[in-house]
Amino acid sequence: MPIPALTITDFCEQVNPHLLLEMRRQPPAPDMRRVQQSWTAAPEKRALLWLAAHTPQRIGPDHLTVLGLAAQLGAGLSYALAAHHRYALLGVIACLALNWLGDSLDGTLARVRQCQRPGYGFYVDHMVDSFGALALMGGLALSGYMHPWIAIGLLIAFLMLSIQSYLATHALGEFHLSFWRFGPTELRILLAIGNVALLWKPMAKVFGRSYRLFDVGGAIGLAGMSLMLLVFTAQNTIRLYREERISL
């Protein structure tokens, strides 16, 4: 009794080995279209191309990916330390800069050197981003500069936006690196500015009442990310509905 086919490849191999051979001869699917429309996209691209051209050969994309993750973990640790030593906030800024270098340059370096691994790079980069976001928000929750529930809300919103982006990449063939002109670089810049502000004025007044500065900023960020999630989900749903109409 033959073993049932478990995958399309198994099925082709059992029914028609020549069909399987033809499938394997087909060129790989084209890369997803990358959409980057953030405020800093143009100067950032020029800077990354220059850095990629001047990066020593012994340094590869994987080294930069590891650097980006280590820097994000360092940023979370620095936030946790800031609960006892406020100047650890400066360590967060340094880690954010290193995270930008590793997270942004790894893909550019792979493209410049023509050593891309699209599936591997897409998967690893975004799992690294997820672990990095967990570390960053965890550090903020322990820092005393942001209420833990706001930090948890920001982490959930980030992960939900990420899920939306990955599903849109698969369904629409477009990978958006920014939303409403805001991308990872803009968020790092805002966070660095906020850290400097925390050193001098950790509290903010809203309608005559005092709140932690990062509670106010986090609440605004959470509202903005939630709105982005709803708007882009609705737009993509409508677009896919129109593109895949059912003829009755």
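What share of the 248 residues in this chain is buried? Hello everyone, let's start there: buried residues make up 35% of the chain. Please keep in mind throughout that this is a predicted model.

First, the overall layout. The chain's secondary structure comes to nine helices and four strands. Reading from the N terminus, the order of elements is α-α-β-α-α-α-α-α-β-α-β-β-α. If we take the contacts with a separation of 6 or more, 75% of them join residues 24 or more positions apart. As for the surface, the chain exposes about 16000 Å², and carbon and sulfur atoms supply 69% of that area.

Now, how confident is the predictor? The mean pLDDT of the chain is 84, with 83% of the residues reaching 70 or more. Confidence is highest in helix 4, residues 61-81, at a mean of 96. At the other end of the scale is helix 1, residues 8-15, where the mean of 47 is the lowest. Residues 1-13 stay under 50 in pLDDT, and the model gives them 12 contacts beyond four places in sequence. Residues 22-30 are also below 50, and this stretch has two contacts beyond near neighbours in sequence. A friendly caution here: where pLDDT is low, the predicted coordinates should not be read in detail.

Let's move to helix 9, which covers residues 213-243. With 31 residues, helix 9 reaches 45 Å from its first C-alpha to its last, close to the 45 Å expected at 1.5 Å a residue. Which residues of helix 9 are buried? They are Phe 214, Asp 215, Gly 218, Met 225, Met 228, Leu 229, Phe 232 and Asn 236. The cover over these buried residues includes helix 4, helix 6 (118-143), helix 7 (148-172), helix 8 (184-200) and strand 4 (209-212).

Gly 74 counts as buried because its relative accessible area is 17%, and the cut-off for buried is under 20%.

Is Cys 95 buried or exposed? Cys 95 is buried, with a relative accessible area of 14%. Cys 115, at 37%, is partly exposed. And how many disulfides are there? The count comes to zero. For anyone new to the term, a disulfide is a covalent bond between the sulfur atoms of two cysteines.

Definitions and conventions. Residues numbered from 1 in each chain as written. Predicted model: local features only at pLDDT ≥ 70, side-chain atom pairs only at ≥ 80, totals over all residues. Heavy atoms only, no water. pLDDT = per-residue confidence, 0-100. Helix = DSSP H or I, 4+ residues; strand = E, 2+ residues; numbered from the N terminus. Contact = heavy atoms within 4.5 Å. Disulfide = S-S within 2.5 Å. Buried < 20%, exposed > 50% of the residue type's maximum accessible area, 1.4 Å probe, protein only. Expected span 1.5 Å × (residues − 1). Areas by Shrake-Rupley, 256 points an atom, 1.4 Å probe, with all protein chains shown as cover.
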